[in-house]
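Please have the structure open while reading the points below.

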Amino acid sequence: MKLAQEVIEQLAIRLENCELQAQDTPKITDDHPDMDWDDAYAIQDEIKRRKIARGARIVGLKAGLTSHAKMKQMGVETPVFGFLADYFSVADGGEIDTGKLIHPKVEPEIAFVTKAPLRGPGCHIAAVLAATDFVIPAIEIIDSRYRDFKFDLKSVVADNCSSSRFVVGGRMGDVAGLDLRTTGIVLEKNGEPVAFGAGAAVLGHPAAAVAMLANMLGERGEEIPAGTLILSGGITEAVAVQAGDAVTLRVQGLGSTSVRFR
Ligand code: 0L1
Ligand code: MG
């Protein structure tokens, strides 16, 4: 690690305050160009520690930048992961106050809920499918704390991978009866289709993103516990939203989930 613990704590406070006060900031690597991956995840961990200390519960995990569309949109090449706090969760059909966000975008995703722990190294698609209780449509609302979404990957990891809100809904699907590679999705904004795709856009199979997450956590001596909700990553590029917009995600065989922005 390149950063002192005191600097990690200061950067975590800066980024979390930006999240809680809906204010943007230049990317942190501008001031700390030598920070490494361990520093980036240590800042994310410190943000998580601060939330838990204030009484928040961690309700899930997210894999980010798991599709070529997202990697191309962001100009990066490596997937990343973050955590989901309880207050990120919005009811299906619910409303999000854009006054509490900076510049939200939505991503169509397939969420997994596990029924058994997953631990890397060596975690693979078959292990993920065997450990999956069900899959369900999910809309992730990302809101990078960095000005104009301009960042590099280490800055993104420190910022909990732009996590801000998520919605799940529709039908709980049994993976035994689904081919998630060919499962089609349509994302609608204000009744108009704005993005289309299929599960294979996420690392060839959305379960591969969950396996990758288990393997990345395994390198840190951690696992994905049973009962974890996991967002497997955007199937298409993220779509910008503003107050007044209504978004619906339709997933083949799994129904739909919606959210409105005010
Ligand atoms: O969920 C994601 O794929 C987002 C990862 C962070 C990068 C971004 O803000 O788009
Ligand atoms: Mg996402």
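In this predicted model, the side chain of Glu 140 places an N or O atom 3.0 Å from an oxygen atom of ligand 1. The protein covers 100% of the 300 Å² of accessible area that ligand 1 has on its own, and the space that ligand 1 takes up is the largest cavity.

**Surroundings of ligand 1**

- The elements contributing two or more residues to the shell around ligand 1 are the strand β1 (58-64), the helix α3 (68-74) and the strand β6 (132-142).
- Ligand 1 is surrounded by 13 residues, of which the closest are Lys 62, Leu 65, Lys 70, Glu 140 and Ser 162.

- An N or O atom in the side chain of Lys 62 is found 2.8 Å from an oxygen atom of ligand 1.
- For the side chain of Glu 107, an N or O atom is 3.0 Å from an oxygen atom of the ligand.

**Cysteines**

- A search of the whole structure returns 0 disulfides, where a disulfide would require two cysteine sulfur atoms within 2.5 Å.
- Cys 123 counts as buried, at 10% relative accessibility.
- Cys 161 is likewise in no disulfide, as the nearest cysteine sulfur, that of Cys 18, is 16 Å away.
- Cys 161 is buried, its relative accessible area being 4%.

Definitions and conventions
Residues are numbered from 1 along each chain as its sequence is written. Chains are lettered from A and ligands numbered from 1 in the order in which they are written. This is a predicted model: local features need pLDDT of at least 70, side-chain atom pairs count only at pLDDT 80 or more; totals for chains, interfaces and linings use all residues. Side-chain values use heavy atoms; hydrogens and water are left out. Buried means under 20% relative accessible area, exposed over 50%, partly exposed in between (1.4 Å probe, protein chains only). A residue is near a molecule or strand if one of its heavy atoms lies within 4 Å of it. A polar contact is a pair of N or O atoms within 3.5 Å; within protein, one must be able to donate a hydrogen and the other to accept it, and residues adjacent in sequence count only if both atoms are side-chain atoms. Accessible areas come from the Shrake-Rupley method with a 1.4 Å probe; for residues, only the protein chains shown count as cover. On a 1 Å grid over the protein atoms alone, a cavity is a set of points where a 1.4 Å probe fits but cannot get out, and a pocket is an open set with protein on both sides within 12 Å along at least five of seven lines; lining residues have an atom within 4 Å of a point. A molecule sits in a cavity or pocket if more than half of its atoms lie within 2 Å of its grid points. Helices (H or I, at least four residues) and strands (E, at least two) are DSSP runs, numbered from the N terminus.
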